[in-house]
Structures are given as structure tokens and as C-alpha cells.
Amino acid sequence: MRMENAQILEHRDIQGGYKRLVLRAPGIAPEVRPGQFVHLRVPHLEAAVLRRPFSVFDARDGALSILYKDAGHGTAVLKGAAPGETVSLIGPLGRGFPAECGGRMPVLVAGGYGMAALHLLARALPRRGIAFFGGKTADDVLCVDEFEALGWPVRIATEDGSLGERGLVTAPLDEWMKKPPREGVELFACGPMGMLRAIGERAIAGGWKAWLSLDRHMGCGVGACLTCVQKIHAPDGGWTWQRVCREGPVFESREIVWEDE
Amino acid sequence: MGIDLSVEIGGIRMRNPVMVASGTFGYGPEYADLVDLNRLGAIVVKGISPKPVMGNPPARTVETVGGLINAIGLQNPGLEGFLRDGLPFLRGYNVPVIVNIWGRTVEEYEEVAAGFEGAEGVAGLEVNVSCPNIKEGSALFGGDPALFRRVVSAVRAKTRRPLIVKLAPDLSRVAEYARAAEGCGADAISLINSIPAMAIDIETRRPRLGNVSGGLSGPAIKPIALKMVWEAARAVKIPVIGIGGIACAADAIEFLLAGATAVAVGTATFLNPAAAIEIAEGIGDYLARHGLGHVRDVTGGLRS
């Protein structure tokens, strides 16, 4: 973990309000492991007192890239940052995905820009499996080409049916899971809490492991402020808070205490 | 001419007057990879109560314009947990560790204060009588003069360590509480704690915080804090630690001019983990620019 002033190399639109930001970060980029994130100080956002966390989509050659959607106050200002400007980053942060699957077939499940947290994993896993991407519309299904180029077949579902099959991402997943591979599966997922819970329940019912990356409102990003806490089962049968920024963002489905939100 | 930034707060020697405020710096290890802890004036660790506390349900913080409302609910590992798992790490550094303590009753305040009497590596205690985020206790002690005196006197009787009393942001009675703390044997006072505040999501019509309301910190509260520090410093002879929205050296110097002997940086650390260290450097630059040799030459230097 370190703090680094990273120069913007590239900042471009992908589709439907999603953008990709590529930053020169020779100190942080080589250290990033799949599923980790960086905490970014949005330049020119004078009213802000917090950084913004972003999954690292890619990290190579001393640069890292993040994907984001222009959805809030911070990202509305961030989208104006131009190549050549510098941005303060803290990272890499958090406990990411295990980059192994114990001989089972890896299955990636992403909701919307949750796929950003899975891309480095798709490259790092020792074998290829299958990926399921879901989104509200075709605009919310990103970077399919890049996963396919890494050797991952991608099944798509959108809620409005504008791309792939109509419905939630769990529909094609459930269909595929009717005939699971003989060696079993290991699930890796990132997306909205409802989706993660659905994946976690399937993993527990099927006897598989599901590594779930949680997207939580964060404060400091390093474990000091105790903003991003998640209830986690304790060995004594009770529960304890763990910090999504420090002990997470990835938890195995059996660790999580699910509550109605 | 050499510049001397060192200060003394009730017997606690600090290499510079910039501390990190309770609740914003965890227990040390969280920021140890990012900043050199030995360059801080002091570390005030997150509030410790006699027994572990789970704190409030999420959402625990909400960002507002120039501020942060928090309702963490004083989550902490308790006295034993901190002595076992937290304090040993900090002993490895050469920086004064000030333990923020609180309780739900006077007896709990006494218990936790007494619990640190034998603890190696604790430079002093800061008594929190002013957290807005728990239903019983803490805030009450800061808002009732008689209870306030009882709890400060009780803690004083249980500890020989330097004792700092952190005041509630009570706009109308800050001088009264400052004098009460001094009268009950406090070695210093610190102020202000976060200011009661809330935010509402107009789409869901629900409070943005799990605890409904919380405490506001950050640059938004700085002018309010400055006024209260000025009033408190005029009311007492013991050192005053200025807290509230300090984000740069100029902010800190304002508090020093208003009468603070030291300052604590809180919310600003979240945006810039090195804020406290950079502020200490900036105070040094200010002294040099004004031909002053010691930071005490700034304290209380407000002209009227």
C-alpha cells in the first residue's frame, strides 16, 4: 500500500456514460492483485472530504486502469479530468480474490461494472471457465471482448432484453448449472448486493465456494474510520463487523451475514 | 535561527503541535504504511470503553458539502482488547500515544481510566464526554455541568497520567465547561468534538445514517470550532488543543493564534493521510517567514 501521484494517460468513453481512466502508477500498478482497489482523490472536487474507491480493471507496464459510471457528485467532476493531469491514488487496497480454483471450473459472475473487479482475475486464474455478465440494458454490459480475448466464453443477460437473454444474470447461470462440470465449480462475483446474495445462496446450496466482492460506501479506505463494515459470522456462533476496505472487499459466501437491506 | 516546533501538553512532550484526532486514525497500523508515525506530534487513538462495543448499523458516514457526518457509534475492542491487540504495535514507535476513553456511567469512566494506570506506552488520556452518537451516556456528561464535573473529577482521581478533557461543541457554554475541566484537575482541554447533524435521502425519505443523526466534522465546521477554541483559551490557563476542520497549515495557525497550544487533524487525514505531517511542516515555514523561533510565539497571538 502506498500513496502515489498518478498521471492520467488516457480518459475515454466506453459506452452509455461509462468511462475508462488509465493512470501511470509505477509504484502501485505492479503490486495490484485481482480484486483489489485504489482510493482516488478526485481532482478539483473542493467540496469533498473523502476519496472514491475503484476496482482496478487492469494493471500492466506501470499503469492501471479503472472503469466508472458517471453516477454521482464525485464521478461528475472526475469525468472532466484530462490526460496529463495528476491524480492522487492510495493502493493497492483490500484483500482481493484468491487467484486459484482448486482444480474446479472457475465461474465469473458480474453485474454491471462489477466486471471491472473480475478482469485481472480472469487473466490470473490457472484455467479458463465461463463468465456470466448481467446489466439493466446493453449499455451496462462492458468489455465482453476483453474477457473473450482472454479465453472466457461470456453469457449475457439484460433486464430489458437489449442484449443477450432477457432477465437477471442468475437465469443463464442457473440454466448452465443444471449440468455442472464433473470437477465442480468455484464462483467469483462482483455486482449489486442482491446479485451477490443470490450467488452466495446458490453456492451454499450446491456445496461450492463463492468469492464475493462487496461494493460499499467507504470512508478512509484503509481501515481506520469503520465506515464500510459488514456483518461476518464469528467462530463462536455470533457475528462481528469486518471492514470491507481491509478484510474485504472479497469474502467467501459462508462468511457473510445477510440482512434485508 | 533554528525553528522549534516542540510543545508540551500537561507533561506530554510532542515534537510538533500537530496530533491526529481520535476516531480518524484507528489504532496506528491502518496508516503506518502510508505515513511515518514518528513525525506526528501525537496519536490520539479511537475511543476505548471498558468492554468491547459493536457500534451502529451502516450507513455510518455521509459526505456533505465540505464535511462528513459520522455515526460510527464508538465501535471499539474494549480496554482488554486494546491493551492486548492495539497498544503493543504503537510501542514500537517513538510518538506519544494518547488514549481517548469513554464510558456509559461514571463508574465505567473510572474503570477504563484506572485500566491504563499500569500500561506502558500510554502518554496520556483524553476523556470523551461529548460523543453525539450513543444514546446513553457520553453526550449527557458533556451537556450537564454537574455530571461533567463528576466524571472529570472521577477520572482525575483514578489516573496520574496527563489528562485531557475533550469538550462538547456547546456554543453557549464553552467557557463554563473549559473552566469546569480546569477546576476538576484536567491538564488540558481539547475541542471541538463533531457537531450534531443529519442528512436525509429525499427519494426514500429515510435518514442517510443508520443511527438517524451523527456528528459533523471537516472544513464545514472550522469557523465554528475556531470561535469556541478562542473562547475556551481565554477562559483557562491550561493548554488548549484546537480541533475542527483543520485541513492545511493556515487553518492550524488560525487555531494557534486563537490560543491553541496544539491542534489535532481529523477528517483531513481521509483525503490526505499525510495531512498532519504537512501541516506541521507548514507551521515551520510560517515561523521562518515571520522570523519566529518557537511555535509558542504564535499561540494566542491574535491581535484585536
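Strands here are DSSP runs of E covering at least two residues, numbered from the N terminus. The model is predicted.

**Stop 1: two loops of chain B**

Select Ile192(B), which sits in the loop between β10 (188-191) and β11 (195-198) of chain B. The peptide bond that joins Leu191(B) to Ile192(B) is cis, with omega about 10°. Next go to Ala59(B), in the loop between β4 (42-48) and β5 (61-64) of chain B. Pro58(B) and Ala59(B) are also joined by a cis peptide bond, here with omega about 0°. Most peptide bonds are trans.

**Stop 2: the sheet in chain A**

Move to chain A and colour by strand. Seven strands make up an open antiparallel sheet, ordered β4-β3-β7-β1-β2-β6-β5. The edges are β4 (52-55) and β5 (58-60) of chain A; each has a single partner strand, so one side of each has no neighbour in the sheet. On average, neighbouring strands of this sheet are turned by 35° against each other, direction ignored.

Within the sheet, select β1 (residues 2-15) and β2 (residues 18-24) of chain A: their antiparallel pairing runs over seven bridges.

**Stop 3: between the domains of chain A**

Contacts link 22 residues of domain 1 of chain A with 25 residues of domain 2 of chain A. Between them the two domains of chain A bury about 2,000 Å², with 64% of it on carbon and sulfur atoms. On the domain 1 side, show Tyr18(A), Pro34(A) and Phe57(A): these lose the most area to domain 2 of chain A, together 28% of what that side buries.

Three salt bridges are found across this interface of domain 1 and domain 2 of chain A. For a salt bridge to display, pick the side chains of Lys69(A) and Asp140(A), at 3.6 Å from N to O.

**Stop 4: between chains A and B**

Show both chains. Here 25 residues of chain A are in contact with 33 residues of chain B. The buried area between chain A and chain B is about 2,400 Å², and carbon and sulfur atoms give 63% of it. In chain A, the residues that lose the most area to chain B are Val49(A), Leu226(A) and Trp241(A), together 27% of what that side buries.

Two salt bridges are found across the interface of chain A and chain B. Select Arg52(A) and Glu63(B), which form a salt bridge with their closest N and O atoms 2.8 Å apart.

**Stop 5: two positive phi values**

Stay on Leu226(A), in the loop between β13 (209-213) and β14 (229-233) of chain A. Leu226(A) is not a glycine, yet its phi is positive, about 65°. Leu226(A) counts as buried because its relative accessible area is 12%, below the 20% cut-off.

Then select Asp61(A), in the loop between β5 and β6 (63-69) of chain A. Asp61(A) is not a glycine either, and has a positive phi of about 50°. Is Asp61(A) buried or exposed? Asp61(A) is exposed, because its relative accessibility is 79%, over the 50% cut-off.

**Stop 6: Phe251(A)**

Finish at Phe251(A), in strand β16 (residues 250-252) of chain A. With 0% relative accessibility, Phe251(A) counts as buried. Leaving aside residues up to four places away in sequence, the residues that Phe251(A) touches include Arg95(A), Trp211(A), Gln242(A) and Ile256(A). Ile232(A) is also among the residues touched; Phe251(A) and Ile232(A) are 19 residues apart in sequence and 9.0 Å apart in space, C-alpha to C-alpha.

Notes:
Residues are numbered from 1 along each chain as its sequence is written. Chains are lettered from A and ligands numbered from 1 in the order in which they are written. This is a predicted model: local features need pLDDT of at least 70, side-chain atom pairs count only at pLDDT 80 or more; totals for chains, interfaces and linings use all residues. Side-chain values use heavy atoms; hydrogens and water are left out. Helices (H or I, at least four residues) and strands (E, at least two) are DSSP runs, numbered from the N terminus. Buried means under 20% relative accessible area, exposed over 50%, partly exposed in between (1.4 Å probe, protein chains only). Contact means heavy atoms within 4.5 Å. Two strands pair if DSSP finds at least two bridges between them. Axes are lines fitted to C-alpha atoms, for helices over the stretch in contact, and angles run from 0 to 180 degrees between N-to-C directions. Buried area is the accessible area (1.4 Å probe) that two parts lose on being put together, summed over both. A salt bridge is a side-chain nitrogen of Lys or Arg within 4 Å of a carboxyl oxygen of Asp or Glu.
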